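Have a look at the model first.

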Amino acid sequence: MRHLVWFRTDFRVADNPALYDAAADGAEVTAVYVDCPGQWQDHGKSAMQRDFLSRNLQALNEQLAQLGIALTVLTADRFVEVPALLAEWVEARGFDALYANREIGIDERRRDKAVQQTLTMPCRVYNGDCVVDHGSLTTRSGDMYKVFTPFAKSWLARVGASGYRLLPAPAALGEPLSCEPLSLSGERVSSEAWPAGEAAAAQRLTQFCQRSLRDYGERRDFPAEDGTSSLSPYLALGILSPNQCLAAIEAELEQLPFSRGEPGFVWLNELIWRDFYRHLLVAFPRLSMGRAFKPDTEALQWSRDDDGFRAWCAGQTGYPIVDAAMRCLKQTGWMHNRLRMIVASFLTKDLHIDWRRGEAWFMARLIDGELAANNGGWQWAAGTGADAAPYFRVFNPTTQGERFDAEGDFIRRWLPELAEVPARVIHAPHDWMDTHQPGHSYPKPMVDHARARLHAIAMFDALKDREAV
Ligand SMILES: Cc1cc2nc3c(=O)[nH]c(=O)nc-3n(C[C@H](O)[C@H](O)[C@H](O)COP(=O)(O)OP(=O)(O)OC[C@H]3O[C@@H](n4cnc5c(N)ncnc54)[C@H](O)[C@@H]3O)c2cc1C
């Protein structure tokens with residue numbers, strides 16, 4: 001038997017269900033990756049993630065070669081060209097079946113459907129990206145959960161009862177192959193700060209579990225600390241699987257924490273959020289199409305303030321925690337979760353700018369950009385999403401800074417112009433700077449938060465009035 005494994009966002013050989021099944025029963029296995037640079041651009045993904053992807057493709061190539069599996073990279077500009085390209089390549093080589101792990105965006109699903117309709121051989125598709133398979137957790141009426149807590153309860157019950165499946169890498173299928181270096185074309189920004197390959201991801205995972213899993217709940221909200229795992233770039237490209245994260249929790253704690261208050265539960269809960277947003281994306285295709293989860297919020301009257309948007313992007317809003325976070329994103333391609341929430345709230349509820357603009361800016365910069373979590377996070381902050389922050393809850397950027405960066409360490413790291421400002425005034429530094437550093441260049445707060453908050457609430461109240469008409 002000759003099997004073809006089509007790699008997509010699953011750059012790993014361990015716990016890879018498609019690869020594992022393809023290699024079972026002694027079949028001969030070949031691997032293919034189809035690069036679509038035009039589609040990458042259409043999806044607004046970042047040049048840093050493209051660099052990371054390219055480096056991880058090479059790492060995968062080397063891993064596969066060790067197993068005796070050759071990887072070929074094909075190029076089609078966009079997904080629509082993939083079915084014909086694959087069909088031509090595949091039919092000439094006489095494979096018996098195609099194996100792949102599911103991708104969940106609507107364009108990816110349409111592409112896969114077209115591929116299945118075009119190829120004459122069986123296509124076997126697996127869940128390789130969630131602990132619990134998409135669509136398998138439903139309410140009593142058979143629908144996808146729209147609220148996180150009952151979803152999480154159901155997720156925990158399922159994993160508690162059935163466990164999770166963790167697959168080893170397949171055994172070598174032959175002598176190691178030599179492999180040529182692979183590199184993707186197109187715009188790239190260096191991702192060298194993040195070591196490539198599944199061994200690097202596994203090492204980071206183990207280190208995190210040993211050092212930080214137990215006190216993650218206490219430390220995760222402070223951006224100046226190294227309290228979170230920084231595994232998101234690896235999870236986003238499937239260099240690491242969520243099942244491997246569960247296995248690492250178990251290895252560290254000897255069991256999975258199934259209830260709030262147990263050590264490690266808070267981190268597990270984040271992995272459940274990850275599954276939740278991915279399940280939502282599958283159940284509600286409109287989320288892949290730039291549409292709000294709550295249809296009524298499509299009528300929100302967002303501001304078209306381009307200058308405001310530019311100031312937010314550049315980290316020049318006059319709110320230090322927002323500006324430090326945005327400059328960190330620009331320079332590193334990564335941002336701490338607490339800061340993502342603060343800057344997303346600021347854009348949508350202080351500047352009243354459409355969440356879609358923020359979502360796109362993030363996607364174009366993040367090394368861990370991925371549609372489900374990014375869209376979920378933005379719609380949560382904007383108040384348009386599933387289980388979103390209530391519309392009247394508007395983050396106060398000053399008190400958030402005081403609470404989560406009390407000494408201003410994170411702010412000073414990214415805003416050199418505030419290097420001399422004492423901690424007690426760093427979250428509202430203007431008066432101090434006017435006195436001690438006249439002529440400084442740090443901007444005044446671009447909005448009055450209290451007024452901006454009222455305006456945000458009024459925007460949502462206006463929706464209720466529409467309903468009442
Ligand atoms: C506005 C906004 C945009 C976001 N965009 C993305 C994105 O494009 N890609 C992305 O991976 N995450 C995104 N997140 C979620 C979260 O901020 C990141 O996953 C997290 O900061 C990554 O850091 P970490 O790996 O140290 O996470 P940890 O705290 O160590 O968590 C472990 C893993 O759980 C998952 N996770 C954690 N929090 C969330 C969450 N709220 N939703 C979904 N999954 C979560 C991630 O895969 C993460 O790597 C976004 C959040 C917000 C508020």
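The lining of the largest pocket splits into 23 nonpolar, 13 polar and 10 charged residues; here Ala, Val, Leu, Ile, Met, Phe, Trp, Tyr, Cys and Pro are nonpolar, Asp, Glu, Lys and Arg charged, and the others, Gly among them, polar. This is a predicted model, with local features needing pLDDT of at least 70 and side-chain atom pairs pLDDT 80 or more, while totals for chains, interfaces and linings use all residues. Numbering runs from 1 along each chain as its sequence is written, and side-chain values use heavy atoms, leaving out hydrogens and water.

**Largest pocket**

- The largest pocket comes to about 1,400 Å³; a pocket is an open set of points on a 1 Å grid over the protein atoms alone, with protein on both sides within 12 Å along at least five of seven lines, and lining residues have an atom within 4 Å of a point.
- Its lining counts 46 residues, and E270, W273, R274, Y277 and N337 sit closest to the centre.
- α11 is the top contributor to this pocket's lining, with nine residues; helices are DSSP runs of H or I with at least four residues, strands are runs of E with at least two, and both are numbered from the N terminus.
- Domain 2 (129-164 + 198-283) and domain 3 (295-468) each give at least three residues to the pocket lining, with bounds from an automatic or database domain assignment.

**Largest cavity**

- There are three cavities of 30 Å³ or more, a cavity being a set of grid points where a 1.4 Å probe fits but cannot get out.
- The largest cavity has a volume of about 80 Å³; a volume is the space filled by probe spheres set on the points, which are joined across faces, edges and corners.
- α16 (371-382) supplies five residues, the largest share of this cavity's lining.
- The lining of the largest cavity holds eight nonpolar, four polar and no charged residues.

**Second largest cavity**

- The second largest cavity, at about 50 Å³, is lined by W6, R8, L98, A100, D112, Q116, C123 and V125.
- β4 (97-101), α5 (106-118) and β5 (123-126) each put at least two residues into that lining.
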